[in-house]
Number of protein chains: 2
Amino acid sequence: VKLREIGEFGFIDRIAAGAVPADPSRVLQGIGDDASVVRPSAGLLLVTTDLMVERVHFLRDSITMYQLGRKSVAISLSDIAAMGGVPHDLYVSIAVPEDLQVEELDELYRGMKEIAREAGVDLLGGDTTGSRQDLVINTTVTGSAAPDEVIYRHGARPGDRILVTGTLGDSAGGLRIVLESLRLPDEIAAPLLKAHCDPELYLREARLLAVSGRVHSGIDLSDGLASDLGHICRASNVGAVLESGRVPVSAELKRLCEIAGGDPLELALSGGEDYRLLVTVDPDAADALADEIRRATGRTPHAIGRIVEGEDIFLETPDGRLDPLRLRGYDHFKR
Amino acid sequence: VKLREIGEFGFIDRIAAGAVPADPSRVLQGIGDDASVVRPSAGLLLVTTDLMVERVHFLRDSITMYQLGRKSVAISLSDIAAMGGVPHDLYVSIAVPEDLQVEELDELYRGMKEIAREAGVDLLGGDTTGSRQDLVINTTVTGSAAPDEVIYRHGARPGDRILVTGTLGDSAGGLRIVLESLRLPDEIAAPLLKAHCDPELYLREARLLAVSGRVHSGIDLSDGLASDLGHICRASNVGAVLESGRVPVSAELKRLCEIAGGDPLELALSGGEDYRLLVTVDPDAADALADEIRRATGRTPHAIGRIVEGEDIFLETPDGRLDPLRLRGYDHFKR
């Protein structure tokens with residue numbers, strides 16, 4: 001079915017159909033007015049927004065619409081997690097090219113609504129418009145956290161242990177499979193493609209970290225470990241040492257590099273879109289906190305290094321040599 | 001200067017430079033972290049988001065970057081006004097094609113920041129990315145209003161007077177000048193182009209209406225009077241009568257139609273992007289409220305009709321005949 005057959009308002013009706021707020025006493029107005037109207041949650045208000053553009057962030061033939069829906073919302077949910085917050089509401093703006101079918105849009109919104117429901121988030125509004133060429137999706141997510149729970153980029157202290165919530169570089173491996181049309185056994189390709197197209201979220205980990213009171217800074221890994229750790233270091237006026245032997249790399253990423261070439265560690269350091277959380281933690285609390293998270297979620301954070309004085313980031317090899325980290329993450333304007 | 005010379009983070013630094021929150025005790029984190037962190041304002045939280053795409057909403061050679069910056073923010077501010085709210089914070093996502101110069105982006109953000117400052121709004125975050133072809137701008141604006149102040153679409157009652165805050169069709173007139181390359185005397189063209197490229201806002205009017213307690217419903221006129229009044233009627237289960245002789249049309253729009261053809265009333269009824277406020281008001285309060293707004297702002301709302309029982313919208317001619325209103329507003333997917 002073509003979008004022009006149902007029209008903009010028919011499309012909005014389809015979006016609104018599956019988007020009934022979980023708690024009507026909190027949401028006074030969702031989709032269907034000039035703005036949403038919500039009773040603010042206790043604590044501070046968090047707001048993040050992310051833009052995905054076809055041919056820049058995704059190719060339409062290498063991700064399903066359902067996955068694209070999930071991913072477009074996941075990247076904003078991950079930002080709220082990185083602040084230690086609880087996500088609440090989702091707003092989606094979309095610019096739709098003429099060749100996209102209504103059924104494809106239904107799949108896209110099914111993905112968005114499913115991940116929103118999993119995160120306890122309501123879809124409360126957005127904007128719908130045409131596009132001459134590229135599919136464009138902007139997501140805005142609001143959240144909340146108590147003042148003493150918020151995790152900023154600027155709080156890292158020398159001595160902090162650096163934790164990440166999962167393996168690194170898998171998304172970059174998945175991207176290589178897509179861009180280089182790699183043919184790999186499914187047990188290798190599937191998890192890497194999943195990491196790239198439908199990343200895991202760490203909302204429960206985020207809250208355990210936030211309420212612990214022992215986390216000094218944090219960020220989500222979207223640009224790549226080296227780049228994002230650089231943001232923490234610049235914001236906090238500190239340096240860092242990453243222990244190369246501790247950077248967690250999946251068996252699948254190692255196998256990909258064995259088969260197709262490349263260095264798993266380099267992908268882990270510079271590959272973007274991992275959407276793991278990186279936090280710096282009071283060294284006395286790091287082990288207990290990692291244990292607590294493992295027991296509560298079944299997923300173990302990895303200690304990969306430490307914050308130091310200065311402003312440089314070093315990679316420490318297993319034999320104790322410190323090399324300046326020169327790898328850079330993704331910059332949308334430098335190629 | 002090319003964007004690739006300063007890079008994504010150089011660009012973000014330029015945006016952040018002029019964006020210092022007015023009240024640091026309210027804004028704990030603006031640009032520079034994964035999400036903004038704000039102390040919520042009293043009352044209910046309002047959120048709106050709007051997407052503008054090149055070649056759909058604007059042509060790059062028929063609007064200045066400064067105007068485009070103002071307009072992209074204005075359309076979201078207008079949504080908060082339509083709800084009766086006070087706007088607070090702005091978030092801007094932008095996808096930039098390679099051929100755009102840094103100086104053009106500076107102009108774009110100068111426009112955004114200026115209108116934000118005029119509205120008392122802080123720029124607290126966003127997203128920056130590349131685009132393969134079209135310039136894309138998404139704005140999200142938060143606001144607040146007391147529970148008994150919020151103006152919804154769904155509250156219109158039979159008997160209500162319909163008020164609009166300014167003349168209608170001017171933006172459509174400006175669009176005609178652009179699309180038909182009309183050559184008109186500057187005193188005619190300039191105000192119509194201004195209405196199209198840099199629309200007036202009605203934030204003070206919105207607040208006077210909101211606190212009056214006599215406004216039953218409201219919307220901002222973005223799709224066109226006929227279409228937007230239709231939204232009010234459907235949401236409220238009512239009909240409406242527009243008095244054709246009272247629909248306010250500017251002298252400039254009349255002159256444009258005399259010179260280039262067309263019917264000013266038709267442009268006023270179906271032309272989009274006016275961004276005037278339309279409200280339905282207790283009939284006993286309408287005159288006093290219009291007077292109060294004129295005294296406070298120097299701008300006079302126009303009474304253009306009334307809400308009636310039923311579900312249809314009629315146009316009442318000066319001789320009292322009722323014609324069903326068949327004109328439709330803009331639909332992004334039907335052409």
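A surface patch is made of residues with over 30% relative accessible area and no salt bridge, where like charges are joined within 9 Å and nonpolar side chains (Val, Leu, Ile, Met, Phe, Trp, Tyr) within 5 Å. Accessible areas come from the Shrake-Rupley method with a 1.4 Å probe, and for residues only the protein chains shown count as cover.

This is a predicted model, in which local features need pLDDT of at least 70 and side-chain atom pairs count only at pLDDT 80 or more, while totals for chains, interfaces and linings use all residues. Residues are numbered from 1 along each chain as its sequence is written, chains are lettered from A and ligands numbered from 1 in the order in which they are written, and side-chain values use heavy atoms, with hydrogens and water left out.

**A nonpolar patch**

On the surface, Leu59(A), Leu175(A) and Leu179(A) form a nonpolar patch, and together they have about 260 Å² of accessible area. Leu179(A) lies in helix H4 of chain A, residues 170–179. Helices (H or I, at least four residues) and strands (E, at least two) are DSSP runs, numbered from the N terminus. Leu179(A) has a relative accessible area of 57% and is therefore exposed; the cut-offs are under 20% for buried, over 50% for exposed, and partly exposed in between (1.4 Å probe, protein chains only).

**Two copies and their interface**

Chain A is superposed on chain B by a rotation of 180 degrees with 0.0 Å of shift along its axis, at an RMSD of 0.0 Å. The two copies are thus related as by a two-fold rotation axis.

In chain A, 69 residues are in contact with 69 residues of chain B, where contact means heavy atoms within 4.5 Å. Of the interface residues of chain A, 100% are also interface residues in chain B, so the copies meet through the same surface.

About 5800 Å² is buried between chain A and chain B, and carbon and sulfur atoms give 59% of this area. Asp34(A), Leu45(A) and Phe333(A) supply 14% of the area that chain A buries against chain B, more than any other three residues. Buried area is the accessible area (1.4 Å probe) that two parts lose on being put together, summed over both.

The interface of chain A and chain B holds 4 salt bridges. A salt bridge is a side-chain nitrogen of Lys or Arg within 4 Å of a carboxyl oxygen of Asp or Glu. Asp33(B) and Arg153(A) are joined by a salt bridge (3.6 Å, N to O).

**Positive phi values**

| Residue | Phi |
|---|---|
| Arg55(A), not a glycine | about 75 degrees |
| Arg55(B), not a glycine | near 75 degrees |

Arg55(A) is in the loop between strand E3 (44–53) and helix H2 (65–82) of chain A.

Methods: Least-squares fit on C-alpha atoms with pLDDT ≥ 70 in both.
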